[in-house]
Amino acid sequence: MTTPKAVDVSVDAMIEDLRTLVEVESPSRDLDALRKSAGTVAAVIETRLGGKAMLVESEGGPHVHWSGGGTPRVLILGHHDTVFPLGTLARRPFLVEDGHVTGPGVFDMLGGLVQAIHGVAGLGDRSGVEILVTADEEVGSRSSRALIEERALACGAVLVVEGAADGGGVKTGRKGCGTFEVSVAGRASHAGLEPAAGVNALVEAAHQVLDIAALARPEVGTTVTPTVASAGTLDNVVPARATVVVDVRVESADEKERIEAAFAALAPHLDEAVITVEGCVGRPPMPESAAAELFAVARKLLPGLEGRAVGGGSDGNFTAALGVPTLDGLGAVGGGAHADHEYLLVASMAERASLVAGLVDAIRSA
């Protein structure tokens, strides 16, 4: 691969497009909001890149797909759903101040989308480039995974414009991640008159939490974290039902298989209690080997650029698991993903747009 030159972009124009996207709120699972957001994303793409951005309907909301024509060579991958509920914008409006842009979704990941669009717009030739912006990444990508994998295989290289790692690095590896829900069925009884007649689902759940937490192997990167629990109805009733939700992160396929098998094998401690498990490690690990070639090119374009393996997952996990070269964290430099202090650094916007453009050109010239 050759090392192409950076492109000229307008930071002011990027900020205005970012404002347009942020001010159309797009919480995951809100189909009406996502439909409006997808239309807005498509309009920005068409204005800056020409052609037609297609809306791909799904049960998770509309995905946006644009192609520059020609033989597919590189897929730019992002999402337009956010974790923030409707009304967040009124409390935390879009604001540019002291070199920071704030507002719901600026870092995760609307800023990355805008930078990528403007980076591609700066290229004289846009052939071979595809952009896919999905509607359900924040809730597991169930409706978009097949489309993501199809376009990744067709293109042969993937640039994920999720927010940068701390300090502006790109993300060269990600843990596989998943959620499990463990349900306990017991039997209710009066807690004062005949507690022994019941089967206490809360007590059983407590046993399960300890068993589940013991599955962690932090020495090999596996974390198993019970995060949400619920049980019981009234203070004088032996609980008949309980649930425990568990977050799991793994670095290897072997650990994915071990964890899934261990959850399937969970057994009750109390007589007559029944355990039901749902869930899996839905996003496979993204090994650093998947990013190696593209990261080397990125470092030629931006000397000193750091690469980091991180715990969070993205749609890049899916593409890397297919063996498609994938580089993640190419989006906004900032921080505070999913939090009220979320921000983007204006000073890095042009550089990141040029980085995406340079990678596109390098991939096409290989």
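This is a predicted model: local features need pLDDT of at least 70, side-chain atom pairs count only at pLDDT 80 or more; totals for chains, interfaces and linings use all residues.
Leaving aside its neighbours within four places in sequence, which residues is Thr-134 in contact with? The close-up views below start there.

View 1. Numbering runs from 1 along each chain as its sequence is written, and side-chain values use heavy atoms, with hydrogens and water left out. Beyond four places in sequence, Thr-134 is in contact (heavy atoms within 4.5 Å) with His-63, Gly-78, His-79, His-80, Asp-81, Ser-144, Ile-148 and Asp-315. Thr-134 has a relative accessible area of 0% and is buried (under 20%; exposed is over 50%, partly exposed in between; 1.4 Å probe, protein chains only).

**View 2. The one aromatic pair, Phe-180 with Phe-263.** Rings of Phe, Tyr and Trp (its six-membered ring) pair if their centres lie within 6.5 Å, with planes under 30 degrees apart stacked, over 60 edge-to-face and the rest tilted. Here the rings are stacked, 4.0 Å centre to centre with 10° between the planes. Phe-180 sits in strand S9 and Phe-263 in helix H7, so the pair ties together parts 83 residues apart in sequence. Both Phe-180 and Phe-263 are buried.

**View 3. Cys-177 and Cys-280.** The structure has zero disulfides (cysteine sulfur pairs within 2.5 Å). The sulfur of Cys-280 is 10 Å from that of Cys-177, too far for a bond. Cys-177 is buried at 11% relative accessible area, whereas Cys-280 is partly exposed at 38%.

Technical notes: Helices (H or I, at least four residues) and strands (E, at least two) are DSSP runs, numbered from the N terminus.
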